[in-house]
There are 2 protein chains.
Amino acid sequence: MIPTLSINLHTLIGDDLKAVEAKLREAGLAEQHAAISGALEHLLASGGKRVRPAVSLLTARLLGGEPEHAVSLAASIEMLHTATLVHDDLIDGSLLRRGIPTLNAQWSPAATVLTGDYLFARAAELASQTGSVRVMNAFSRTLMIIINGEINQMFTSRGQAEREDYYRRIYAKTASLFAVAAEAGALLSRADERAVDAMRVYGREVGIAFQIMDDILDFVADEGRLGKPVGSDLRVGLFTLPVLCYMDDHPHDGDIAALLNGRSGDPDIVARVVEAVKQSRAIDTAQAEARAYVARAQAALHHFPNNAYRRALADLGDYFVSRNL
Amino acid sequence: MIPTLSINLHTLIGDDLKAVEAKLREAGLAEQHAAISGALEHLLASGGKRVRPAVSLLTARLLGGEPEHAVSLAASIEMLHTATLVHDDLIDGSLLRRGIPTLNAQWSPAATVLTGDYLFARAAELASQTGSVRVMNAFSRTLMIIINGEINQMFTSRGQAEREDYYRRIYAKTASLFAVAAEAGALLSRADERAVDAMRVYGREVGIAFQIMDDILDFVADEGRLGKPVGSDLRVGLFTLPVLCYMDDHPHDGDIAALLNGRSGDPDIVARVVEAVKQSRAIDTAQAEARAYVARAQAALHHFPNNAYRRALADLGDYFVSRNL
């Protein structure tokens with residue numbers, strides 16, 4: 001299925017994706033400082049898969065939005081995503097992302113803060129190029145949700161081991177941006193409110209599936225492919241779905257109890273828990289949970305005619321839950 | 001003139017300013033983290049004079065913009081201003097602003113970065129409440145100009161002693177936001193492009209005058225009123241207009257030469273230069289230069305009918321160049 005998918009995407013929105021790439025690299029200001037252009041080039045070259053732009057572009061094509069506006073939207077979504085990563089990596093002290101040095105690994109904290117700010121501004125400017133006030137509003141509200149989620153995570157999320165907290169966290173962190181990528185793609189067309197809602201549901205559900213798979217990879221991927229150490233969430237005290245599934249089957253696990261009671265992030269315990277989770281059926285259970293989200297996303301697409309764009313959006317969901325495994 | 005001015009403002013836009021204050025304090029998200037609300041309350045209580053909102057509100061009233069949209073715009077401008085201050089203070093390590101502890105004096109760098117980000121998002125959301133795509137675009141481009149200016153300042157501005165650099169810097173830092181406050185106020189009405197341009201000129205010129213006066217106060221105000229040490233710009237290697245005026249009259253000053261050649265920020269030299277500038281006619285010369293900008297701002301207002309709102313905008317310019325002196 002995956003090779004078919006990439007061929008489909010290339011045929012369907014290859015030119016749009018190229019236009020997005022060009023727009024991302026376009027200078028924002030005529031007098032933009034060379035350091036910003038350099039940082040942006042470095043960030044964009046580190047190889048995101050542009051899955052969020054693909055969601056916006058396919059949605060706009062499905063519903064008949066103006067292609068030029070769709071390209072601005074898609075670039076705006078990817079720029080916003082990049083901006084949040086810049087500040088995230090600074091805050092977490094991450095030195096690698098996708099195996100490539102982060103900005104904060106090379107620059108001062110001050111320069112990193114300002115570069116992230118500039119990318120936020122540029123993302124907002126790209127969003128304004130869609131010509132849609134509703135897109136702008138959805139865009140800025142999503143940024144609020146993402147940042148509010150990070151503040152929650154900083155102040156209160158460590159050591160939370162409830163599914164409700166987990167799903168609230170990954171909605172804020174990841175699914176909210178997929179949701180707006182799809183919703184705003186619909187807002188660019190003359191689609192009615194029910195269609196906009198259906199696309200928002202699609203985006204949210206595939207976004208949740210995407211993040212669950214990311215959290216699974218944090219256990220099972222090898223570090224070379226991951227570009228960072230495994231078990232990174234547990235190291236900072238965050239419980240993700242694979243651990244929660246493991247806990248369902250092992251409610252009295254001593255290592256888990258230790259992590260939750262004063263030894264949060266202890267490297268020896270984390271290493272043992274990572275191994276235990278990998279050996280258990282928790283990975284399969286978590287993946288099945290991700291697949292259920294994709295099924296809900298695909299059900300939301302039934303609102304629309306069954307054409308190549310709808311099929312590509314459905315395939316994208318399948319791809320998210322199979323990627324790299 | 002100042003007491004008359006404040007009475008005018010109160011009569012003319014007192015209710016609008018109250019509505020702006022309420023909007024600034026309104027939670028952005030239903031589930032907004034308490035830490036954000038607390039930080040916002042602290043920041044807003046530290047007593048800005050709301051001069052930027054006043055520019056937007058008076059412009060909208062002058063040109064007949066929808067009052068509700070004008071209130072959203074004015075709140076958005078003040079929120080953007082506040083957000084930039086949060087990151088500025090963090091980057092500069094400033095512990096006091098207007099005599100009140102900064103956010104970074106009390107919080108971790110990470111929490112301060114995220115709070116600033118949230119305020120940027122909230123500012124964008126408030127701007128989207130104006131319902132104007134052109135306002136959103138002008139807003140995001142201004143944020144890019146401000147941040148690009150800070151990056152320039154970080155990488156290249158120290159020890160620059162040319163008027164051209166100085167004016168470029170204060171345009172980015174201060175005047176660009178006044179310019180958009182006035183321009184966007186005009187965009188909310190059905191005013192034609194010439195009117196929008198005239199208001200943009202007004203905002204830019206009073207903004208420059210405002211910053212020149214701020215830079216003069218950095219020399220002549222007492223530290224209690226200033227809420228921070230005098231000479232703070234020179235301490236970090238930034239040459240502002242009073243020093244540039246002093247250098248015009250004293251081209252061979254040894255202390256200035258030392259600051260420019262390897263002893264940038266030296267506290268003893270800075271203290272001597274601050275005294276020398278204060279005793280010289282440089283302060284008067286700089287203030288006259290600020291007054292010339294106000295005169296240009298007032299000339300731009302001749303485009304409009306001479307009513308109470310236009311007079312208040314003109315008075316505001318006079319107020320900027322007389323404040324606290």
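Housekeeping next. This is a predicted model, where local features need pLDDT of at least 70 and side-chain atom pairs count only at pLDDT 80 or more, while totals for chains, interfaces and linings use all residues. Residues are numbered from 1 along each chain as its sequence is written, and chains are lettered from A and ligands numbered from 1 in the order in which they are written.

So, with contacts in hand, look at chain B. On the α3(B) side we have B:Arg52, B:Pro53, B:Ser56, B:Leu57 and B:Ala60, and they meet B:Ala70, B:Leu73, B:Ala74, B:Ala75, B:Ile77, B:Glu78 and B:His81 of α4(B). Sorted by type, the residues of that contact come out as 8 nonpolar, 2 polar and 2 charged. For that sorting, Ala, Val, Leu, Ile, Met, Phe, Trp, Tyr, Cys and Pro count as nonpolar, Asp, Glu, Lys and Arg as charged, and the others, Gly among them, as polar.

What about the geometry? Two packed helices are described by the angle between their axes and the distance between the axes. Here α3(B) and α4(B), residues 67–92, pack at about 160°, with their axes 8 Å apart. Axes are lines fitted to C-alpha atoms, for helices over the stretch in contact, and angles run from 0 to 180 degrees between N-to-C directions. That makes α3(B) roughly antiparallel to α4(B) (the label is for angles over 145 degrees).

B:Arg50 sits in the loop between α2 (34–45) and α3 (51–63) of chain B, and its phi is near 60°, a positive value in a residue other than glycine. Is B:Arg50 buried or exposed? Buried, with 20 other C-beta atoms within 10 Å. The cut-offs are 20 or more other C-beta atoms within 10 Å of its own for buried, 12 or fewer for exposed, and partly exposed in between. Over in chain A, A:Arg50 also has phi near 60°, and A:Arg50 is buried, with 20 other C-beta atoms within 10 Å.

Now chain A as a whole. Its secondary structure comes to 15 helices and 2 strands, and 53% of its 325 residues are buried. A compact globule with 325 residues would have a radius of gyration near 20 Å, and chain A agrees, at 20 Å. (That radius is taken over C-alpha atoms, and the rule is 2.2 Å times the number of residues to the power 0.38.)

A:Ala83 is buried, with 25 other C-beta atoms within 10 Å. Leaving aside neighbours within four places in sequence, A:Ala83 is in contact with A:Gly116, A:Leu119, A:Phe120 and A:Ala123.

Last stop, the interface. 38 residues of chain A are in contact with 38 residues of chain B. On the chain A side, α2, α4 (67–92), α5 (109–128) and α6 (133–157) each supply at least two residues, and α6(A) gives the most, with 15. That side divides into 23 nonpolar, 10 polar and 5 charged residues.

Key: Helices (H or I, at least four residues) and strands (E, at least two) are DSSP runs, numbered from the N terminus. Two residues are in contact if their C-beta atoms, placed from the backbone, lie within 7 Å. Angles under 35 degrees count as roughly parallel, over 145 as roughly antiparallel, 65 to 115 as roughly perpendicular and the rest as oblique.
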